[in-house]
Each structure stands twice: as C-alpha cells, then as structure tokens.
Amino acid sequence: MEENKRRIAILGSTGSIGTQALDVVSHHPELFQVEMLSAGSNASLLIEQARKFNPNAVVICNKDKYAEVKEALDPLDIKVFAGVESAGDLAGGSNVDIVLAAMVGFSGLAPTISAMKKGKVIALANKETLVAAGSIITRLSREYNSPLIPVDSEHSAVFQCLQGERAQVEKVLLTASGGPFFNLPKEDFEKITVEQALNHPNWKMGNKVTIDSASMMNKGLEIMEAAWLFNIPADKIEVVVHPQSIIHSMVQFTDGGIKAQLGYPDMRVPIQYALSYPYRISLDTKRLSFAELGQLTFFAPDLEKFPCLRIAYESFKKGGNIPCAMNAANEVAVAAFLRGQIRFTQIPQIIEKTIEKCNFVSSPGIEDIFETDKTSKIVAEENLKQMI
C-alpha cells in the first residue's frame with residue numbers, strides 16, 4: 001500500500017553505501033519511497049539518481065555544483081538545495097521516516113544530529129559520528145526518541161544476534177577480514193602502494209573505508225562504535241581476524257553460549273535489514289554453502305603490524321575528545337596517502353603525533369567536538385608537511 005511505504009532520506013547517496021541502498025530500494029518499490037538524496041560533489045551521479053527515483057528534493061553539498069544540478073532537474077519539479085546545512089534540515093522533514101546516514105567521515109555528524117533532533121530513525125553507516133561524538137549522539141538518541149540502527153556489517157550482525165535476547169552480554173566478538181596485508185611481512189609495509197591498499201580481498205567499499213580496513217583503523221573505529229551502540233565497555237569487545245568474512249560478528253553471553261550472524265560479503269544485507277527492521281524481506285544475495293566453504297579460520301590481530309588498532313584502543317580508553325582528534329588525524333593521513341604524499345606506514349605516525357598535541361577535554365560538548373576536529377586537522381596537516 002502506498003501509504004505504508006517507508007519514506008527514506010539518504011545522506012551520501014552517491015557513495016558506496018548510498019548506491020547500494022538505492023539498489024535495495026529499486027528491488028522493493030512497493031515498500032520504500034526515496035524522499036531526499038544528498039551528495040558531496042558528484043553532481044552527475046546525483047542527477048542520474050534523482051531522475052530514476054524522483055525524490056521530493058536533492059541536496060548537493062558542494063555549492064559550486066548547485067547550478068548544474070538545478071538546471072538538470074528543473075524540468076522534473078524536484079527541489080534542489082545546496083550545502084550540508086540543507087541536508088540536515090531536509091532529512092528532518094515531516095515527509096521522512098528513516099534517514100540513512102552514509103556521508104563519509106566527520107562531515108556526516110552535523111546533518112545526522114539535525115535529523116536526530118526531529119526524532120527520525122537513523123540507519124547509521126557513518127561510524128565516525130559515534131567515534132567523534134559517541135556520548136552526545138547516544139544522549140540525543142534517548143532525548144529525542146531517535147533510534148539508531150547500525151548499518152556496518154559487523155554492528156548489524158551484533159544487533160541481529162541480540163534480537164529476542166534478555167541475557168546479559170559477556171563479550172562482543174568483532175570479526176575483521178585482516179584486509180589485503182594480513183599475511184604481508186612487516187618489513188614489506190614500507191613498500192605498500194595505494195593500488196595494493198585499495199584492493200580489498202572481500203568487500204567493495206569507498207576509498208577511505210578501504211584504506212582504513214587495510215590499516216585496521218576501521219576495526220578500531222568499529223570498537224568505539226560498538227561500545228556506544230550496545231553500551232558495552234571496550235575491554236569486552238574482542239577483535240578476531242576472520243579472512244573469509246563469512247561470520248560478520250558474534251555475541252557471547254554469560255552462559256558461554258555464542259550467537260553469530262553469517263553470510264557472504266554483501267553490504268546490501270545490513271543496509272536492507274536497517275531499512276526494513278524489524279522485518280526481513282527478500283534479497284537476491286548469494287546463499288551460503290557450508291560444503292563449498294569447507295572451513296572458516298580465525299586469528300588474533302597483530303598490533304605491531306597494525307598500530308592503528310592499538311591507537312584506537314588507547315584513544316577510546318583516554319576518552320573525552322581524544323577519539324575525535326584521532327579520527328580527524330586519520331582522515332587527513334588517509335587522504336594524503338591516497339594522493340601519494342606519504343607512505344602507508346606514516347598514517348599511524350601522523351595520528352599519534354596529532355593526538356599528542358590535542359588539548360584534552362574530558363566531557364566535550366558539541367562545540368568542543370567541532371573545535372577538536374578543526375584544530376586536529378590543522379595539526380595533522382602540519383605533521384604531514386614535515387613528512388613530505
């Protein structure tokens with residue numbers, strides 16, 4: 001029924017998560033209606049998406065691209081806006097039921113907060129939002145009755161394992177693929193190229209997330225995200241390297257029992273679950289054959305080869321605005337690596353040097369978070385210049 005459709009706003013529609021979400025929507029037009037799309041700078045793809053899904057409005061965050069989008073969509077009677085502020089305002093509109101927060105990095109924080117203050121259901125794919133401002137986001141979720149439904153495959157797996165459970169959680173086991181360099185000797189890390197780092201063995205993701213996965217910073221961010229989402233201390237979250245990426249994460253309960261969520265790597269599964277929750281609907285994903293799989297393997301992470309994971313644990317333990325500073329420095333370092341300015345091994349060096357100079361705030365407000373992000377990126381850029 002038309003009136004029963006879930007009306008969706010997608011923050012970051014042209015990215016990896018956004019495009020896969022639209023694929024999900026295209027297979028269930030009877031269940032979902034796209035109300036709003038926002039993109040950073042990819043005007044051509046945003047125009048293409050708008051023509052296909054006919055949303056009520058689109059936002060191009062890069063204001064320089066506004067005229068191009070406006071001219072292209074004018075004949076379709078689709079409202080066109082520019083700027084990140086517009087994305088947040090429209091996502092909180094009365095015509096929206098669920099907001100898919102899939103903007104890359106810290107930029108997703110402000111529009112997500114705007115939508116939360118309107119009591120929207122947030123399908124959260126932007127882990128940096130919780131890393132930088134976990135205490136603020138979880139408070140807003142309670143205060144404005146704005147549910148957070150995880151979209152990350154690992155957190156969706158934990159979320160699914162907890163459905164129907166009343167037992168106390170003893171441990172969360174976050175699985176990690178290990179990325180492309182899990183078996184690479186440490187002495188060869190200095191020679192890692194951008195192309196090699198972008199060649200993830202299992203998942204198709206955006207460039208930033210793919211590099212984070214290669215450095216295992218992604219798993220560090222996910223530890224923080226899991227801690228906030230499920231209200232569990234970091235020392236009860238264990239990272240397990242699982243190269244096949246079949247088990248997406250597990251939950252151990254106080255009786256020793258463990259529940260796991262399994263499936264072939266396909267981000268459409270957690271995206272669709274978040275959009276359709278608490279229901280499960282059909283999806284044309286590949287089905288598991290255990291006979292074909294043969295075996296699943298597991299290993300402890302190597303914190304010496306992957307110092308970003310250690311840095312994340314330490315940052316979360318320090319608390320306050322330190323995770324925000326870590327995240328800001330990582331964004332700068334990853335961007336520099338993608339541009340070919342630094343080596344892969346210099347990413348954690350920039351992050352640690354930036355954290356050292358961070359003015360610690362034990363209980364940061366939202367202004368402190370934005371200030372920490374700004375100043376940490378400036379410091380990280382200075383550290384970068386010294387390395388080039």
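Helices (H or I, at least four residues) and strands (E, at least two) are DSSP runs, numbered from the N terminus.

This is a predicted model: local features need pLDDT of at least 70, side-chain atom pairs count only at pLDDT 80 or more, and totals for chains, interfaces and linings use all residues. Residues are numbered from 1 along each chain as its sequence is written, and side-chain values use heavy atoms, with hydrogens and water left out.

Helix 13 has 12 residues and reaches 17 Å from its first C-alpha to its last. That is close to the 16 Å expected at 1.5 Å a residue, where the expected span is 1.5 Å times one less than the number of residues. Its buried residues include Pro307, Cys308 and Phe316. Buried means under 20% relative accessible area, exposed over 50%, and partly exposed in between (1.4 Å probe, protein chains only). The buried residues of helix 13 pack against helix 9, helix 10, strand 9 (237–241), helix 14 and helix 15. Contact here means heavy atoms within 4.5 Å.

Helix 9 (residues 207–215) is mostly covered, with seven of its nine residues buried. Among them are Lys208 and Asp212. The cover includes helix 6 (127–143) and helix 13 (307–318). Met216 follows helix 9, with a positive phi near 70°.

Ser156 lies in helix 7 (residues 153–162). Leaving aside neighbours within four places in sequence, Ser156 is in contact with Pro150, Val151, Pro270 and Tyr273.

The whole structure holds 11 aromatic pairs. Rings of Phe, Tyr and Trp (its six-membered ring) pair if their centres lie within 6.5 Å; planes under 30 degrees apart count as stacked, over 60 as edge-to-face and the rest as tilted. Phe159 and Tyr273 have ring centres 6.3 Å apart and planes at 70°, so the pair is edge-to-face. This pair links helix 7 to helix 11 (residues 268–276), across 114 residues. Tyr273 also pairs edge-to-face with Tyr277, with centres 5.8 Å apart and planes at 65°.

Accessibility of residues in this region and in helix 14:

| Residue | Relative accessibility | Class |
|---|---|---|
| Ser156 | 1% | buried |
| Phe159 | 13% | buried |
| Tyr273 | 7% | buried |
| Tyr277 | 24% | partly exposed |
| Asn327 | 0% | buried |

**Helix 14**

Asn327 is in helix 14. Not counting residues up to four places away in sequence, Asn327 touches Phe106, Glu128, Val131 and Leu221.
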